[in-house]
Amino acid sequence: MTLTGGQATGSGIPRRTRGLRQERAVTWLFLLPALIYIVLFFGYPIVKNAVMGSQDYTTATFYTGSAPWVGWANYSSFLSSSLAGTTFLNTAVFTVGSIAGQFTIGLAIALFFRRRFPLSGLLRSLLLLPWLLPLIAGAAVWRWILDQDSGVLNSTLLHLHLVHTSVPWLSSPGMALYSVIIVNVWIGIPFNVTLLYSGMQGIPEEHYEAAAIDGAVGWKAFRHITWPALRPIVTVVLVLGVIYTLKVVDIILGLTGGGPANATQTLATTAYQDSFVRFAFGQGAAVNNILLVVSLLFAGLYLRVNRRVSDE
Amino acid sequence: MRLTKRRQATSTVIGIGLLAIMLFPVYWMINTSLQSGNVGASSTLLPLHPTLAAYRLALSQQGGDIVTSLTISCGTVLLSLAIAAPAAYVLARSRIRGRSVILLALVITQMVPGIVIANSLYPAFDQLGLLNSRLGLVLADTSTALPFAILIMRAFMVSLPGEIVEAARVDGAGLVRTFVSIVLPVSRNAVITAGLFAFLFSWSDFLFALTLTTGTNLTPVTLGIYSYLGGEIQSWGPVMATGVLSALPAIVLLAFAQRFISVGQLNGAVK
Amino acid sequence: MNRQGSRSTRVLVAAATCAALALALAGCSGSSSGSGTSATTGLNLTIEDYYSQPAAAAYDTIYSACAKQLGDTVTISHIAGAALIPKVLQQVSSRTMPDVLMLDNPDVDQIAATGALSPLSDYGITGAGYIPGIIAAGSYQGKLYGLAPAVNSLALFYNVDMFKAAGLTPPTTWAELQADAKVLTKPGRYGFAFSGVNTYEGTWQFMPWMWTNAGDEKNIDTPQTAQALQLLTSMVQDGSASKSVVLWTQADVESQFAAGKAAMMENGPWNIALLQGVSGLHWASVPLPTPQAGQKSVSPLGGETYTVPQAGDSAKMAAAGKMVACINSDANQVAISKAVAYVPAKISVAEQFAKTNPLLAPYVTVVQTARSRTGELGNGWDTAATAIYTAEQLALTGKDSPAAALKQAQGQ
């Protein structure tokens, strides 16, 4: 890096130092609108929600404004309830299953689309449809497709003699969670495909050509060129993917309402129902805060692991 | 990746097959929207007596809503990108104190359920007179899209080869100049992808649309759909028709935008 | 010109002026005592409800007509279904509630308990002559806060053709219901369909069975409630009702019945217009079967009430009170009932109504003995309702026996 000279100016401050200070100011100016936005829109709600978890917040509070402090009562009442274990387990299974499915299928499809073939652009855009359609409509359609008696999936499977009795996709407590995961994967694939594909497009063609000369193609090329180059994108996709999946409420409620018999009840659905069905807002906020801690733990853990790997 | 003509054709076939499986539920949506009467329990595999009644109803009632949604979504994209792009660049390339804190804060904002934000915005917007306004919804939707846009664009910009930026600095370009003339054009993929998601977030937003309007004049299409399901009688035909109709302009826009995500942005830049 | 004449003229003029003034003042005070009424005219009232088309159009007409009658204008907001209560709570906390607020009757206690509603007695509304159940639903701590112009409940719909083909008459007892459902179940169709979904809708559909068998929401861990749950569970277990009832809403149940996939369904009168539009479907409705012959079924009471939130502006609140009274007028009760297939809430009006609307006559009978959900527990109803649908889901999916499921749910 060449020095741009240290000529003194009339003000006595070397131009370079003045330039640095100016640059630092501009740097913060680049950041400022975003920071202001975040603080304005997220600061108050986050704090309020954190506090609400320790309050007895009911519908009356909306009018009177009084919410007595109850300390850890909301948290302990949730954690000691008989549903807590099921809820945590469902959340874990739902999240792991969804991410594993969405990411691997998304990566595979993104790799597939690296080839240039007729209609690839059109097909890639159409792939966004599951994410684009209103969730209400999507959930209803999946409910009909998965209906045990008259759903088109069961009729097809029976017709092809792949099963002998109709499968209770959503009406059996044992199967419902997996069916919901399948639908969530379906919705999440476009998200993963788009981001991973965009990331791959940034890898110059020469890298692959150079590697091909050394005989590295296919899987080897993926491992040594594609994957390392995608690392930052993959980090964002996975961390945000987990965070978004932990928050999912609409799909689950649209498909099963959290049932049957709480088989698809997660932390997020419990928090929602506590607040907006039972009007126990303090309880709902407490469960939300638990969810936030889980998200933070995951994000922190993943970033730590990632940093260690990239340091190697 | 160049393929032989034959492999290209095979790929196209596989691609279509893949999409057929992935989009079957979308087909079902269109299928039921073309059938009259009790959709759901009595829908057949193919629309044997197709009728456009649901579409006519949906267009007459939701047509304006689609325009509203388009306006709001485009506004969200512009605002989000304008704020996010500079921030992402700084967070990717500059060494500033508190960078990790800011990144962590951005990730934390994504953990907050939307309804918590919506509930806090309602009284604030009410006082500022931003309820029932397109501007209000653009501001609210941007709050959802902004952190994500920053994080995504930052991830792309981190991978920028340092040489091109250095070259510009050597030539005496300041931060702004570097950003506008060098970084942005090279980060085209990142900006378009982030814009795409900002559009999607805003287009499919239901929560802010519901909370920040009072049911009178401003109804984005997500809200319009909900009105068919509000009462005890649920008319799914118009819901499906609205869903399909609302997806069309969005798909066209996104297909258009995706064309600009091309390969080899940096080809030739680092020579 | 004599002075006395001009003096008497002056007196006359003075007297006339006084008289004129007095008359004018009387006229003014006449209109200022009438400005008690003119204070409620010329206002713009806001009304909020959760109706969607096509019902919303009927209500819009009524709101506008009532407003016109009062000399006011009205701004109507329709906020779809489940989104109304969250919106109401936001408005409660920001003190921006509408002048007239429609609340589904089980929500009245929740909102009244916050202190945000004003008692209807302030506006001279007593609810005299109404079905006792709906008055109980709209009251909180003995005061009436919400009055419903029209009500609905649950009854048994059956497919006339299927019954004729099987040589059956509609069941009146639980035993008959089970037997008929079994006989009518064939490949591709179930004998009976109901909603056992994981929400308050599932609870709503369970209430007739529980209440008619003397079960009570204060404690659901009783043999009576267990028997009611056993009835439904047996029908699912022996295949007369689909296992998907744990996912079906009432709209899904209607869908099944209309498609000929269920011979009987438990549902409400709002489906009548839809059912009439299905070609080839011949249906009728009767009160739900009771445990023993000759009993009266006790079904839950549905229907939306109109309330007057606290606004701090007594003129507006007075106008809102008049609005609520107008919406509840006899003529409007009939209009609403006709438009959305409900039943008038005033007993005398309902009896007249039954004579000219045979399709809704069974519901007139049912609502006379119907019960409100919040009548006993007030704003503690939500907890009981949650326990009920939780237990129902456990039993219907076979995870627990009805008695064990109820015990577990009651204990939570």
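**Polar contacts between chain B and chain C.** In this predicted model, 5 residue pairs are in polar contact between chain B and chain C, with both residues at pLDDT 80 or more. On the side of chain B that touches chain C, two elements give two or more residues: α5 (114-128) and α10 (207-211) of chain B. α5(B) gives the most, with 3 residues. By class, this side of chain B holds 12 polar, 6 nonpolar and 2 charged residues. Salt bridges across the interface of chain B and chain C number 0.

**Extent of the interface of chain B and chain C.** Chain C brings 28 residues to the contact and chain B brings 20 residues. Together the two chains bury about 2000 Å². Carbon and sulfur atoms account for 53% of that area.

**The interface of chain A and chain B.** Here 78 residues of chain A meet 99 residues of chain B. The buried area is about 8200 Å², with 78% from carbon and sulfur atoms. In chain A, the residues that lose the most area to chain B are A:Phe30, A:Leu132 and A:Trp144. Together they make up 10% of what the chain A side buries.

Between chain A and chain B, 7 residue pairs are in polar contact, both residues at pLDDT 80 or more. The salt-bridge count across this interface is 0. Helix α1 (residues 15-52) of chain A gives the most to the side that touches chain B, with 17 residues. That side of chain A comprises 57 nonpolar, 13 polar and 8 charged residues.

**Domains of chain A.** The domain assignment gives domain 1 (13-42) and domain 2 (83-311). Their centres, taken over C-alpha atoms, are 37 Å apart.

Methods:
Residues are numbered from 1 along each chain as its sequence is written. Chains are lettered from A and ligands numbered from 1 in the order in which they are written. This is a predicted model: local features need pLDDT of at least 70, side-chain atom pairs count only at pLDDT 80 or more; totals for chains, interfaces and linings use all residues. Side-chain values use heavy atoms; hydrogens and water are left out. Domain bounds come from an automatic or database domain assignment. Contact means heavy atoms within 4.5 Å. Buried area is the accessible area (1.4 Å probe) that two parts lose on being put together, summed over both. A salt bridge is a side-chain nitrogen of Lys or Arg within 4 Å of a carboxyl oxygen of Asp or Glu. A polar contact is a pair of N or O atoms within 3.5 Å; within protein, one must be able to donate a hydrogen and the other to accept it, and residues adjacent in sequence count only if both atoms are side-chain atoms. Helices (H or I, at least four residues) and strands (E, at least two) are DSSP runs, numbered from the N terminus. Ala, Val, Leu, Ile, Met, Phe, Trp, Tyr, Cys and Pro count as nonpolar, Asp, Glu, Lys and Arg as charged, and the others, Gly among them, as polar.
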